[in-house]
Each structure stands twice: as structure tokens, then as C-alpha cells.
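Here is a short tour of the charged pairs and the nonpolar packing in this protein. Have the viewer open as you read along.

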Amino acid sequence: MEMAIEAADVGVTYGKTKALDGLHLRVEAGTVCGLLGPNGAGKTTLVRVLATLLRPSRGQARVLGRDVVREPMAVRATIGLAGQYAALDEELTGRENLEMVALLYRLPRAEARRRAGEVLERFSLGAVADRRAGTYSGGMRRRLDLAAGLTGRPPVLLLDEPTTGLDPRSRQELWAILAELRGAGTTVLLTTQYLEEADRLAQRIAVVDTGRVIAEGTPAQLKAGAGSDVLRIRLADPAAASSVPPVLAGLGAAGATPALDGPSGELTLRVARPDAAAEALRRLDALGLRVAAIQLTQPSLDDVFLSLTGRAADGTATGRAAGGTPSGHPTDEQEISA
């Protein structure tokens, strides 16, 4: 297997803070690797190292065999980068921004114009291509920034939370583009807090916390490693949900206790018993508590993330033992239909 990205014992220190602490990562060429982790885990720092924007304090990183410290210009010629914030010249039009990027890849001027027009249409920006970027809305600026990262058709694409700020339609369009790029052999490193995004796009996922990769594998492997199924219960009367956890005593897997999402009244619990859903319904019915929905699912990436880091993907602290999906994150079924 040819490795497009290799990081070995990479460390980055800011004073007493270790942004990366001996991180190891290998990304096979022609694949999409999802990089997951809470805020402050080190995801963006790694992207900056790979993009030659930040010199590591220790260790070694390579992109297509080129060392990011010793051969930065060679690395930059092979990558496209879209960070969390749009990096555009607001005085130039959208078309001029993309043509400038294409020229930096040393494309002939005619090819640069052709590529810029092609990518503008692909990101639904053709109608505003000749307006100044400074007049674009936030979502349009985000799409233009992503388009800039693709204009040179780089073999390696580094995307740092690329769909932040995009509307659902634009997210779907970007997902389709990334699928096409992978099919054409482009390697993509994608950092994201949208777990359904990683589940849908990535062949492999690396979970980063406190500057290290703490788990790695395919989405299916990570879910299998999370173990127990997850029981989700929503009562017809959300106000009554706080009285339910004691009723579910003994149904949880070892060490698991019910987690309650207050606003929705949904309870989640990791379970080991095959009859857990039926038994929960029997107990709730005996108390006269009407159930609006009950579901037994395999662990989602949300559950994997929570069990590994003790936090939701947005960094919200929560108990490891609960094993349920944090509030606001979709279930597997919702992810599939997203």
C-alpha cells in the first residue's frame, strides 16, 4: 500500500501546552481519512503541520514521500487546502480568486481560466463569479474557499471542517464532489465534527484526543469496538423522563447507566440483554408511562466517540458510563437518510 500521508511521533508544543503529543498517522493513497476529535484535540494543528504552515517540535511528517520540513515547496505543490475560515482576496472577484490559485499551480493562463469556470459551476457559483468576493454571503465564501482548494486538482486534499457554515444542499454537493475525487484517486484528509459526514465519506477514521490518535479503523470496526447495542426511549410526556432511570435498573451493560436529554426527554442506555427493549416496555407500561418511541440500535459513531473521549463531538463533557448518543446528534437511521 502506498502511503500518501505519514506522521510519526509528531509533536507540537506551545509553551507548556502540547497541541500534538507523539501523534502517529498513516493515510493510504486514494482514500478518504476522517479525523475526529473534540475541540482542542489537535486536528487543525496536524493539518497545519501537513500543509507546511507549522513546524513540528519533534517527529516527522511526509506527504507523498516529501518531508514537510525539509521539502516544503515540493509538499505545497501536491496539496490543496481548505481551512476552517475562508482565505480569499475580498477585492478580487470569485473568478479572479480561482484563476490566481490555478496560476500558483503553474497552469497556463487559458487552462487556469477553464479550471476556474469549471469549479465555479460545480459549486453553484457561476451566477456570482464576477462579483467581488467581499460581497459574498458566508456560505458563498465557504464554497469559494473549497473551490479554490480543488482548482489545481491536487493529488492530496486537506480539508479542515469543510462543511462548517454550509447549508444542507451545499453539504450534499460537497459530499458528492469528494466521492468523485476519491474515485479519481485523490487522497483526502478530512477533519470534521459531523460524525455522519465521516461515516459516509471516510474509508478509515482516526480519533484524536489530547494530541494523539487514540483509536483508528474503518467505521464498522470502530462501531464494533464500542460493543453493546444502544436502547433509546422517548416518552409521550418528556417531563416524566427524569423518573425513568431507576425503572431501567439492571438492563444496562456493565457499568452503563441511562443518559437523559432533558429538552427532548429521550433516554439512551447501552444494553447487553437481547430482550432489553421488551423488558423496558413491560416495566414502563406497569407504571403507566406511555412510550412515544423505542429503538434498539447498533452503536453509532457518536457512541464510539463518546466512549473513547468521554465527550460529545462538540466538546461537551458527559459521563462515559452512559454510553448514549449526546443530545443533538443523529442516530444511525437519521445518518443514513441525511
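Predicted model: local features only at pLDDT ≥ 70, side-chain atom pairs only at ≥ 80, totals over all residues.

Asp-21 belongs to strand 2 (residues 17–28) and Arg-58 to strand 4 (residues 58–63), so the pair ties together parts that are 37 residues apart in sequence. Asp-21 is buried, at a relative accessible area of 16%, while Arg-58 is partly exposed at 35%.

The two also take part in a network of salt bridges that links Asp-9, Lys-18, Asp-21, Arg-58 and Arg-212.

## Other charged pairs

The structure holds 22 salt bridges. One of them joins the side chains of Asp-67 and Arg-70, at 3.8 Å from N to O. Here Asp-67 is buried, with 4% relative accessibility, whereas Arg-70 is exposed at 58%.

Asp-275 and Arg-273 also meet through their side chains, at 3.0 Å from N to O. Asp-275 is partly exposed at 35% relative accessibility, and Arg-273 is partly exposed at 31%.

## The nonpolar cores

Now for the nonpolar side chains. The largest nonpolar core has 41 residues, and Leu-98, Phe-123, Leu-144, Leu-159 and Ile-205 touch the most other members. Helix 5 (residues 138–151) gives the most to this core, with six residues.

Which residues does Leu-98 contact, leaving aside its neighbours within four places in sequence? They are Ala-116, Val-119, Leu-120, Leu-144, Ala-147, Ala-148 and Thr-151.

Methods
Residues numbered from 1 in each chain as written. Heavy atoms only, no water. Core = buried A, V, L, I, M, F, W, Y, C linked by side-chain atoms within 4.5 Å. Buried < 20%, exposed > 50% of the residue type's maximum accessible area, 1.4 Å probe, protein only. Helix = DSSP H or I, 4+ residues; strand = E, 2+ residues; numbered from the N terminus. Contact = heavy atoms within 4.5 Å. Salt bridge = Lys/Arg side-chain N within 4 Å of Asp/Glu carboxyl O.
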